[in-house]
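Take a look at the structure below. The walk goes from the chain interface to the domains, and then to the aromatic rings.

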Amino acid sequence: MNRVENLSMSTPTPSPRPASQSVGFWKETWRRFLRRKEAVIALGVVSILALIAILSPAIAGTKPIVCKYKGKIYFPAMSYFNESWENPIFQKDRFRKRYPLNLPKKDPQSWAVWPLSFNDPYRRVEDNEWPNRPGNPRGDQSGPTKMNLFGTDETGVDVFAKMVHGTRIALLVGFVSMGIATAIGMLIGAIGGYFGGWIDSLLSRFTEVVMCIPTLVLILALYSLIQRPTIWHTMVIIGATGWPGISRLMRAEFLKIKQADYVAAARVSGISPIKIILRYILPNALAPVLVPVTFGIASAILLENSLSFLGFGAPPPNPSWGSVLSSAHGNYQLWWLTVYPGLAVFLTVLSYNVIGEALQEATDPRLREGGR
Amino acid sequence: MLDFLIRRLSIGFLTLLLITFGVYGLVRAMPGSPITMVEDRGDIKRQISEADRQALLKQYGLDKPWYTAYAHWMFDMARGEMGRSFARKRPVSEVIGERLGPTLMLSSTSLLLAYIISIPLGLLSVARAGKWDERITGITLYVLYSFPSFVAALMLQLIVAVKLGWLPLYGMKSDEYDTFSSGGKAWDIIRHSVLPIIVFTYGSLAYYTRFIRANMQEVIRQDYIRTAQAKGLGPFAVIVKHAFRNTLIPFVTKIGLSLPALLSGSVIIERIFNWPGLGQLYFSAILERDYPVIMALTLIFSVLTLAGQLLADLLYALVDPRVRIEDSGG
């Protein structure tokens with residue numbers, strides 16, 4: 001008795017350890033994600049690309065970022081995002097998209113802040129368009145120079161400007177088309193998995209058919225139905241054909257989760273199926289979908305570039321990386337048309353793949369190493 | 001077993017009907033017909049009179065609505081008649097037949113190479129896990145896996161064919177092919193196929209290696225591996241005889257799933273190398289609205305895809321006695 005007391009005296013009674021705040025699933029995932037150095041670098045690359053995309057008119061262009069003209073402030077470079085954002089006053093005053101000479105000529109009081117590189121992604125810069133700047137070279141003498149960092153293509157359009165503005169397309173294609181594919185895939189998978197029965201068989205068959213139809217036929221057939229294709233059509237088409245994988249995964253998750261006791265409890269207490277799907281099952285089915293979505297972004301970007309390369313996609317002048325690569329095919333002397341856009345596609349795809357891989361390891365408990 | 005087969009085959013048949021029906025509807029919905037596509041090339045001599053057009057439409061079976069035409073196509077197909085190519089004015093089977101060889105030559109070589117190289121690489125990466133050479137090969141393979149194949153094709157052409165001049169730029173045969181001896185002919189084709197085969201292979205290398213490694217990592221933690229090590233077997237015997245043999249099951253199913261890739265080829269790679277394969281044929285058939293060729297190729301690809309899935313399931317049951325096929329759903 002005594003001894004026991006002594007023992008308990010000598011060892012301090014273990015005070016209940018303050019229960020460590022249990023972090024939520026997403027916070028935990030984020031922590032695991034950050035633990036991987038290459039994933040952080042890849043995320044950094046994608047962020048830089050996003051920054052380039054947002055700032056593209058300020059990096060390369062022939063329109064001033066900000067200018068004061070006839071007493072008012074304008075942002076002509078914004079029209080690179082959307083043609084119709086160009087202020088009508090510049091059309092009325094017959095600028096014809098040539099700002100550097102017209103601005104001081106038509107209003108000596110005007111001032112302007114110019115993009116870093118005076119080059120246009122859609123057309124060749126002519127002689128003396130910018131005071132004392134020679135026009136862009138064409139043909140064989142068009143390699144990388146100080147004026148054209150990545151050289152120019154056959155028609156004299158600056159490759160650097162094309163690629164900077166192409167970043168916008170690449171990122172948009174990734175997010176928009178995968179967004180569409182994810183929405184369709186999740187909807188079809190969730191409905192099939194939750195309701196089961198004939199609805200499920202019907203939707204599964206439909207998914208299988210879409211999966212088996214060669215992507216190229218599907219895409220080219222949809223493409224030919226469009227009168228004047230733009231880059232947005234490409235995104236919708238890639239999205240509309242890219243959902244079967246996500247749908248199958250979603251269905252499997254729903255089949256699994258709907259067996260859980262808490263879902264049965266919710267059903268017994270009379271909660272509507274829509275609410276059960278959205279509030280009870282969906283949040284728990286999101287994590288496994290995240291990984292194929294990330295890989296899907298990479299393949300959507302790749303697909304858009306392949307389509308542009310094959311000559312489908314927005315009509316020229318379309319600054320997509322794939323269209324630059326397409327002009328490289330057959331022009332082997334102009335190596336810069338292959339190397340720079342090729343590396344850009346590669347870097348982007350690699351980054352998304354690395355992010356996807358890291359997400360997979362961060363969200364899948366089976367892949368976690370024990371004890372961590 | 002027989003029940004399972006019958007059920008799977010009938011579901012597969014139904015899926016095939018749905019696919020071909022869908023694709024037929026899609027390609028007929030595409031604006032333009034084989035006739036207008038020929039006219040579009042701008043040659044004034046090729047303009048045809050209205051009467052001739054009607055006659056042609058009738059001959060091609062395009063005067064009927066698309067679902068009737070589909071039924072006709074289906075019944076012809078059931079009798080083994082693939083029809084005639086509109087654009088090439090020859091039987092479809094002949095057109096496809098002459099493209100089959102070049103595509104198979106690339107795909108089977110590259111598949112074989114991928115297996116031959118990736119098995120030892122995968123085993124090595126398990127044996128030397130964590131060592132510097134394993135890390136370097138792992139990273140290299142991952143980078144290669146992310147490298148877009150059409151970019152690689154362009155860069156290889158640029159470096160190997162244009163700058164160094166070691167290999168021909170594109171095509172399958174040289175212009176003076178007919179003057180070569182038979183040995184020279186074979187050598188000529190081999191030289192032309194090196195670059196496309198590299199492009200087809202390098203990406204799948206990483207894929208298979210990682211696949212093998214993932215499976216091996218699971219097996220290598222098993223007790224019987226520890227037993228084998230404890231009784232003093234060398235690393236080679238442990239990894240190859242005890243571990244790798246037990247990863248063959250998923251590996252075998254992979255072979256089934258890679259069946260469609262054998263024929264589908266790649267439109268973009270075949271176009272870059274101007275290789276006369278099925279991918280290019282498919283692409284130009286779509287552009288020319290050559291319905292019989294599109295449909296025949298679609299059917300072939302779909303059959304292969306479905307057959308590959310079935311084969312994978314069957315092989316799975318065959319090599320793994322634990323899998324009882326009756327239990328697995330269709």
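Which residue of chain B forms a salt bridge with A:Glu357? The partner is B:Arg210. The closest N and O atoms of A:Glu357 and B:Arg210 are 2.3 Å apart. Keep in mind that this is a predicted model. The cut-off for a salt bridge is 4 Å, and one salt bridge is found across the interface of chain B and chain A.

Now step back to the whole interface. Chain B brings 41 residues to the contact, and chain A brings 35. In general, the size of an interface is often expressed as the accessible area lost when the parts come together. Between chain B and chain A, about 3500 Å² is buried. Carbon and sulfur atoms give 80% of that area.

Which helices of chain B supply at least two residues each to the side that touches chain A? They are α1 (2-29), α6 (132-146), α7 (149-163), α13 (267-272), α14 (278-287) and α15 (291-319). By class, this side of chain B has 31 nonpolar residues, six polar ones and four charged ones.

Seven residues from domain 1 and seven residues from domain 2 make the contact within chain A.

How much area do domain 1 and domain 2 of chain A bury between them? The value is about 630 Å², with 70% of it on carbon and sulfur atoms. On the domain 1 side, A:Tyr80, A:Pro121 and A:Tyr122 lose the most area to domain 2 of chain A. Together these three residues account for 70% of what the domain 1 side buries. Zero salt bridges are found across this domain interface of chain A. One residue pair is in polar contact there, both residues at pLDDT 80 or more. The side of domain 1 that touches domain 2 of chain A divides into four nonpolar, two polar and one charged residue.

Last, the aromatic rings. Over all chains, the structure holds 15 aromatic pairs. One of them joins B:Phe21 and B:Trp66. This pair is tilted, with 5.2 Å centre to centre and 40° between the planes. Why does it tie together parts 45 residues apart in sequence? B:Phe21 lies in helix α1 of chain B, whereas B:Trp66 lies in helix α4 (residues 66-78) of chain B.

Terms used: Residues are numbered from 1 along each chain as its sequence is written. Chains are lettered from A and ligands numbered from 1 in the order in which they are written. This is a predicted model: local features need pLDDT of at least 70, side-chain atom pairs count only at pLDDT 80 or more; totals for chains, interfaces and linings use all residues. Side-chain values use heavy atoms; hydrogens and water are left out. Contact means heavy atoms within 4.5 Å. Buried area is the accessible area (1.4 Å probe) that two parts lose on being put together, summed over both. A salt bridge is a side-chain nitrogen of Lys or Arg within 4 Å of a carboxyl oxygen of Asp or Glu. Helices (H or I, at least four residues) and strands (E, at least two) are DSSP runs, numbered from the N terminus. Ala, Val, Leu, Ile, Met, Phe, Trp, Tyr, Cys and Pro count as nonpolar, Asp, Glu, Lys and Arg as charged, and the others, Gly among them, as polar. A polar contact is a pair of N or O atoms within 3.5 Å; within protein, one must be able to donate a hydrogen and the other to accept it, and residues adjacent in sequence count only if both atoms are side-chain atoms. Rings of Phe, Tyr and Trp (its six-membered ring) pair if their centres lie within 6.5 Å; planes under 30 degrees apart count as stacked, over 60 as edge-to-face and the rest as tilted.
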